Amino acid sequence: MPLIEVQHLQKKFGAFQAVKDVSFHVNEGDVFGFLGPNGAGKSTTIRCLLSLIRPSGGTLNFFGKSLNENRSEVLSRVGCIIEKPDFYKYLSAQRNLEIFARISGKDIAPRQIQEMLDFVGLNGREKDKVSGFSHGMKQRLGIAQTLLHNPDIVILDEPTTGLDPQGIIEVRNLILRLRDEQKKTVLLSSHQLSEIEIIANRMVIINQGRTIVEGEVHELLEKQSLNLEVFVENPSKLEDMMQRLYPQLVTRLLYKSTYHIEMIEDVRLEMIQRMVESGCGLKSVIPKRSLEDFFIKMTEK
Amino acid sequence: MLLKNTYNELLKIATKIRSYIGIGALTLLIFIVLFAMKADGKSYVGFVTASFEQTLSFNGKILNGNLIAFIIMQMLIVHVPLLIALVTGDLLSGEEASGTVRMLATKPISRTGIVFSKWIAATVYTLIMTFWLGFLSLFVAKWMFGTGDLIVLNSNGLLILAEYDLGWRFVFSLIVAFLALWTVATLALAFSAFAKNSVGPIVSTMSVIILFTIIGTLDVSVFDTIKPFMFTTHMAAWRSIFEDPFPLREIIESVVILTVHIVALLTITIVRFNKKDITS
């Protein structure tokens with residue numbers, strides 16, 4: 001039984017239909033990537049999942065039960081961060097967690113609050129007002145708030161938005177710990193495709209309010225053709241050869257002397273042989289099969 | 001869950017600076033009036049009693065704590081609504097502005113529960129403000145000016161209420177004043193459910209009070225049918241308690257109309273907040 005089951009979800013804001021037909025399911029133990037370009041309907045879908053927005057149609061089931069009919073029970077088993085976690089800035093980190101703990105639907109001891117602050121690396125800062133926290137610290141406090149009541153499902157909507165590289169790594173490591181140490185089911189919406197590629201085992205891509213593709217990340221990527229990234233000493237000779245022999249392949253200059261070649265037919269070995277023969281000074285060939293390419297291909301359709 | 005969230009709401013009010021602006025302003029205003037009365041109260045009272053001095057002789061202490069309390073209540077009951085709206089108008093809209101409404105609305109507590117606990121907290125705050133108004137105006141004034149009979153000047157002339165007859169009248173008038181302020185608090189909370197920041201609800205609440213008060217004072221027959229049902233008409237009902245004979249029927253009518261307003265406004269708030277899509 002899937003822990004989350006979304007079927008034909010729809011949401012209209014007046015005349016504008018933000019979500020037209022979104023369906024997917026999340027199994028127990030999944031780290032589920034939720035992808036889509038800006039305006040695809042990701043945030044609206046997630047807000048529907050958390051009962052922030054009332055859907056116009058479709059069904060939302062958690063643990064086999066309707067969200068609509070079992071809202072309190074479902075939400076007591078779900079933890080979430082929607083975009084950026086917002087707190088009562090005039091209160092301390094600990095006070096904020098106490099406030100959310102009281103309405104989490106579970107009895108949470110002060111010791112558990114302290115443990116959670118330790119888990120996200122905010123020990124020693126618990127008495128500080130949130131107004132003095134950096135964005136990264138707020139994000140970590142948000143994760144603490146999310147996990148405080150030991151939820152079965154964790155929903156994270158763009159948890160790395162606005163974070164610096166260090167902050168992104170910290171949040172990513174925290175999610176990996178959720179997966180590996182706490183065995184949580186995670187639904188992760190992110191713009192960081194590399195993040196989804198590293199963390200998620202299943203994913204869905206939506207575009208213009210509709211589900212485009214859903215499945216295992218590695219299976220979906222395997223269906224994808226293997227592109228090449230080549231580094232040469234003599235770029236003009238390579239460009240010349242590609243234009244002459246492989247005009248059907250898209251060759252993009254990534255940066256100085258490095259090219260990305262999109263393969264549409266399996267001519268890799270023959271092409272590499274010709275590169276060597278062309279005298280372009282082939283230095284390296286790196287096979288590329290990335291989620292980014294897959295995502296662009298899916299959302300361009 | 002409702003009780004726990006009410007505790008949360010009280011905690012939020014207690015830790016916000018704006019909550020103390022009202023209490024501070026009220027304290028300051030009362031002490032300014034007390035100081036003014038201490039400095040020049042005799043001439044103020046003399047101005048009021050001058051027209052009666054040819055027909056009446058006044059014995060005893062006219063300028064006493066009871067009179068000062070009555071004057072303070074009369075002066076401030078118009079301004080206290082603003083101080084209350086400052087806090088209650090922020091209760092829902094403030095959560096929207098700071099983004100914490102997302103955190104609240106994704107917890108297992110129902111949206112009705114969220115509104116209800118905020119309304120209870122608003123009620124407690126209004127009660128504290130009313131109690132503070134009563135305490136400062138009555139007890140501090142009595143401590144500074146002593147006690148005595150109360151002279152009330154109303155449309156029927158001069159009414160003198162004996163000192164022994166005043167205690168229950170002050171308590172009852174504070175209860176009715178609380179009901180009027182509670183209506184204002186609920187109105188500000190209702191506006192708060194429609195807004196994304198607290199400025200709108202505070203300004204809207206005061207605008208409604210000003211507009212209704214102007215309509216209430218306009219001597220135009222077209223408004224005669226609605227005047228008895230406007231809450232502002234009944235905001236000064238506390239003053240009727242200092243009349244003789246005691247106008248029980250009028251006071252019951254005011255209490256009923258204010259209560260109906262509170263229930264209606266709370267219902268509007270609950271319905272609105274339940275239907276609201278939280279997109280911030």
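Reader: How many residues does the contact take from chain A and from chain B?

Author: This is a predicted model, in which local features need pLDDT of at least 70 and side-chain atom pairs count only at pLDDT 80 or more, while totals for chains, interfaces and linings use all residues. Residues are numbered from 1 along each chain as its sequence is written, and chains are lettered from A, with ligands numbered from 1, in the order in which they are written. With two residues taken to be in contact if their C-beta atoms, placed from the backbone, lie within 7 Å, the contact takes 21 residues from chain A and 22 residues from chain B.

Reader: Which element gives the most to the side of chain A that touches chain B?

Author: Helices (H or I, at least four residues) and strands (E, at least two) are DSSP runs, numbered from the N terminus. Those that give two or more residues to this side of chain A are helix H2 (71-75), strand S6 (78-82) and helix H3 (93-102) of chain A. The one that gives the most, with three residues, is H3(A).

Reader: What distance separates the centres of domain 1 of chain A and domain 2 of chain A?

Author: The domain assignment, whose bounds come from an automatic or database source, gives domain 1 (4-222) and domain 2 (227-300) in chain A. In the contact between them, 11 residues of domain 1 of chain A meet seven residues of domain 2 of chain A. Taken over C-alpha atoms, the centres of the two domains of chain A are separated by 39 Å.

Reader: Which residue in S10(A) is the bridge partner of Val204(A)?

Author: Two strands pair if DSSP finds at least two bridges between them, and S9(A) and S10(A) pair in the antiparallel sense over six bridges. These strands form a hairpin with two residues between them, and Gln208(A) in the turn has a positive phi of about 50°. Across the pairing, Val204(A) has as its partner in S10(A) the residue Glu214(A).

Reader: Are H3(B) and H7(B) roughly parallel or roughly antiparallel to each other?

Author: Axes are lines fitted to C-alpha atoms, for helices over the stretch in contact, and angles run from 0 to 180 degrees between N-to-C directions. Helix H3 (residues 65-76) of chain B and helix H7 (residues 111-145) of chain B pack at an angle of about 150°, with their axes 8 Å apart. Angles under 35 degrees count as roughly parallel, over 145 as roughly antiparallel, 65 to 115 as roughly perpendicular and the rest as oblique. H3(B) and H7(B) are therefore roughly antiparallel.

Reader: How far apart are the axes of helix H8 (residues 167-192) of chain B and helix H11 (residues 248-275) of chain B?

Author: Among the residues of H8(B) that meet H11(B) are Val176(B), Leu179(B) and Trp182(B), and the residues they and others in H8(B) meet include Ile251(B) and Leu258(B) in H11(B). The two helices of chain B pack at an angle of about 20°, which makes H8(B) roughly parallel to H11(B). The distance between the axes of H8(B) and H11(B) is 9 Å.
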